[in-house]
Amino acid sequence: REDWEARLASLAAQRYDLIVTVTTLLIDAVRAVAPQFPKVRFAMIDAPYEFLGARRKNVAGTDFRTEETGYLAGYLAAKLETRRRGRDVISSVGGIKVPSVDAFIAGYQAGARKAAPGITTLNGYSGSFSDPAKCRALALSQIARGSGVVFNVAGTCGLGTLAAAKTKGVWGIGVDSDQSSLGPHILTSALKRFDVAAFKAVEALRNGRFPGGRNVVLGLRNRGVGLGKISPRVPRPFVRQVAQIRAKIVSGRIDIPTEVK
């Protein structure tokens with residue numbers, strides 16, 4: 001942590017117009033450095049502004065509406081699950097129970113119930129974002145209980161979730177970035193568009209509208225979240241239905257929860 005603060009201070013001392021940080025791990029460093037360089041702007045990507053704990057006009061945060069992409073992923077997962085014989089069951093493996101993780105999961109479960117009202121949604125937390133063995137074990141237990149689709153919401157730990165899906169021949173859903181390269185068992189991925197967040201921060205600064213002191217809200221409407229590549233094995237009518245659901249979310253016709261019940 002001290003190293004991050006020193007590196008950030010070194011960049012700020014060079015008087016860059018904008019410094020972009022990624023993940024909540026750098027919030028403490030921004031909190032320490034930003035007051036020392038009030039003319040330097042800091043855009044925190046994947047870190048809500050309120051986590052800063054102090055009002056800084058030269059700092060902007062990011063609010064990814066992950067419940068929206070989670071909803072799309074859950075809707076698609078449920079549609080695929082209803083094609084299997086037996087009970088309809090899907091699941092999610094979270095890392096640590098924090099709001100950013102729960103928003104993904106709450107949306108996922110709500111979307112699944114929209115597509116298949118009687119579906120069973122399993123959920124668990126590994127307690128880690130970095131240990132794939134923990135996520136693998138949890139995913140295997142969910143698959144043993146009938147889950148035909150497992151959703152990784154645990155970063156690097158979630159690679160274990162997706163490996164379990166591959167081993168057991170069920171679908172896996174990636175998170176944050178497009179994880180379709182892991183194999184044909186990847187149904188899709190629930191994306192946070194870090195590239196869009198960075199571009200919007202630069203664009204706002206250039207236009208003299210840097211959103212200091214608040215969050216930039218990124219959802220389906222402004223393409224800040226979305227689905228990654230969808231498996232070519234998914235029936236085209238399902239893909240079209242997902243597109244229709246997306247349009248309804250963008251237009252405000254679907255209310256999506258952000259808390260796991």
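About 910 Å³ of space lies in the largest pocket of this predicted model. A pocket here is an open set of points on a 1 Å grid over the protein atoms alone, with protein on both sides within 12 Å along at least five of seven lines, and lining residues have an atom within 4 Å of a point. Grid points are joined across faces, edges and corners, and a volume is the space filled by probe spheres set on them. Because the model is predicted, local features need pLDDT of at least 70 and side-chain atom pairs count only at pLDDT 80 or more, while totals for chains, interfaces and linings use all residues. Residues are numbered from 1 along each chain as its sequence is written, and side-chain values use heavy atoms, with hydrogens and water left out.

At least two lining residues come from each of strand 3, helix 3, helix 4 and strand 7 (171-176), and helix 4 gives the largest share, 6 residues. Helices (H or I, at least four residues) and strands (E, at least two) are DSSP runs numbered from the N terminus. By class, the pocket lining has 16 nonpolar, 9 polar and 10 charged residues; Ala, Val, Leu, Ile, Met, Phe, Trp, Tyr, Cys and Pro count as nonpolar, Asp, Glu, Lys and Arg as charged, and the others, Gly among them, as polar.

In a cavity, a 1.4 Å probe fits but cannot get out. Its lining consists of Ala43, Met44, Ile45, Ala60, Gly61, Thr62, Ala197, Lys200, Ala201, Val216 and Leu218. Two or more of these residues come from each of strand 2 (41-45), strand 3 (59-64), helix 7 (194-206) and strand 9 (215-218). The cavity lining divides into 8 nonpolar, 2 polar and 1 charged residues.

Turning to helix packing, helix 3 (residues 66-81) and helix 4 (residues 99-115) pack at about 40 degrees with their axes 6 Å apart. Axes are lines fitted to C-alpha atoms, for helices over the stretch in contact, and angles run from 0 to 180 degrees between N-to-C directions. The angle makes helix 3 oblique to helix 4, since angles under 35 degrees count as roughly parallel, over 145 as roughly antiparallel, 65 to 115 as roughly perpendicular and the rest as oblique. Residues of helix 3 including Thr66, Gly70 and Gly74 meet a set in helix 4 that includes Ser100, Gly107 and Gly111, where contact means heavy atoms within 4.5 Å. This contact has 11 nonpolar, 7 polar and 3 charged residues.

Helix 3 also packs with helix 8 (residues 236-250), at about 150 degrees and with axes 10 Å apart; the two helices are therefore roughly antiparallel. Among the residues that meet are Tyr71, Leu72 and Leu76 in helix 3 and Phe238, Val242 and Ile245 in helix 8. The residues of this contact divide into 9 nonpolar, 1 polar and 3 charged.

Elsewhere, helix 5 (residues 132-144) and helix 6 (residues 158-168) pack at an angle of about 40 degrees, with axes 6 Å apart, and are therefore oblique to each other.
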